[in-house]
Amino acid sequence: THGVSREEWLRKLDSADLFESDIHNVVLNYLAVQGFQGAAEAFAAEAQLQPEVPLDSVGRRAAIRQSVLAGDVQEAISILQALDGTILLSFPEVHFRLRQQQLCKIIADGEVERAIEFARQVVLPFVDENPTMLPQLEHAMGLLAFREASSSVFGETLSVAAREELADEVDEAILRFYDVQ
């Protein structure tokens, strides 16, 4: 790899024009992305900044994450819709993954008939729009073949790690929606 020497980097840093407002915006962005809503609100007020992202989304992102991790996907979707009804429309793959996780939970709860109806009415339309999602739907439906879904070969879809991954995907979608880096 080709790197920049420390001296060259310091020389370039000295010649760069840094404005206090740029630094303030970087700090505010950091606080918002990392989920520090109270600190972000206080800092924005103190620095007299107009944040690019609604700061109430910071707290809602945390609530969405907690809902996904707890397996309450419907609550996460409700909070997302309240935050901005177009987020899930803008990221249909994330919306599909939420619904897929919801389907997996219904299957794990042993509600076979409800799961089939949910798959048909709620999840399948995503596959109709994007056939590349079919393997993911088939993977979820594979849970139906096992009495104990969580200990089956498809059981990883019910794991905490799978919910953490989904929570990260949802959070990333929200940040991309608001164009936060």
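Predicted model: local features only at pLDDT ≥ 70, side-chain atom pairs only at ≥ 80, totals over all residues.
**Stop 1: the nonpolar patch**

Select Val4, Trp9, Leu10, Leu13, Leu18, Ile23 and Val27, and show their surface. Together they make a nonpolar surface patch of about 620 Å². Now colour by element. Helix 1 (6-15) and helix 2 each give two or more residues to the patch. Helix 1 gives the most, with three residues.

Leu18 sits in the loop between helix 1 and helix 2. Is Leu18 buried or exposed? Leu18 counts as exposed, because its relative accessibility is 58% and the cut-off for exposed is over 50%.

**Stop 2: helix 2**

Select residues 20-34, which are helix 2.

Now show the side chains that are buried. In helix 2 these are His24, Leu28, Leu31, Ala32 and Val33. What do the buried residues of helix 2 pack against? Their partners are helix 3, helix 4 and helix 10 (160-177).

Step past the end of the helix. Gly35 follows helix 2, and its phi is positive, near 90°.

**Stop 3: Gln48**

Go on to the loop between helix 3 (37-47) and helix 4 (56-69), and select Gln48. Check its backbone: phi is near 55°. That is a positive value in a residue other than glycine. The Gln48 residue counts as exposed, because its relative accessibility is 71%.

**Stop 4: aromatic pairs**

How many aromatic pairs does a search of the whole structure find? It finds three. Two of them are on this tour.

Select Phe146 and Phe154. Their rings are 6.1 Å apart centre to centre, with 65° between the planes. The pair is edge-to-face, because its planes are over 60 degrees apart. Phe146 is partly exposed, at a relative accessible area of 34%. Phe154 is also partly exposed, at 23%.

Move to Phe177 and Tyr178. This pair is edge-to-face too, at 5.1 Å centre to centre and 85° between the planes. Which side of the burial cut-off is each ring's residue on? Buried means under 20% relative accessible area. Phe177, at 24% relative accessibility, therefore counts as partly exposed. Tyr178, at 14%, counts as buried.

Terms used
Residues numbered from 1 in each chain as written. Heavy atoms only, no water. Phe/Tyr/Trp six-rings, centres within 6.5 Å; stacked < 30°, edge-to-face > 60°. Buried < 20%, exposed > 50% of the residue type's maximum accessible area, 1.4 Å probe, protein only. Helix = DSSP H or I, 4+ residues; strand = E, 2+ residues; numbered from the N terminus. Expected span 1.5 Å × (residues − 1). Contact = heavy atoms within 4.5 Å. Patch = residues over 30% accessible without salt bridge, like charges linked within 9 Å, V, L, I, M, F, W, Y side chains within 5 Å. Areas by Shrake-Rupley, 256 points an atom, 1.4 Å probe, with all protein chains shown as cover. Salt bridge = Lys/Arg side-chain N within 4 Å of Asp/Glu carboxyl O.
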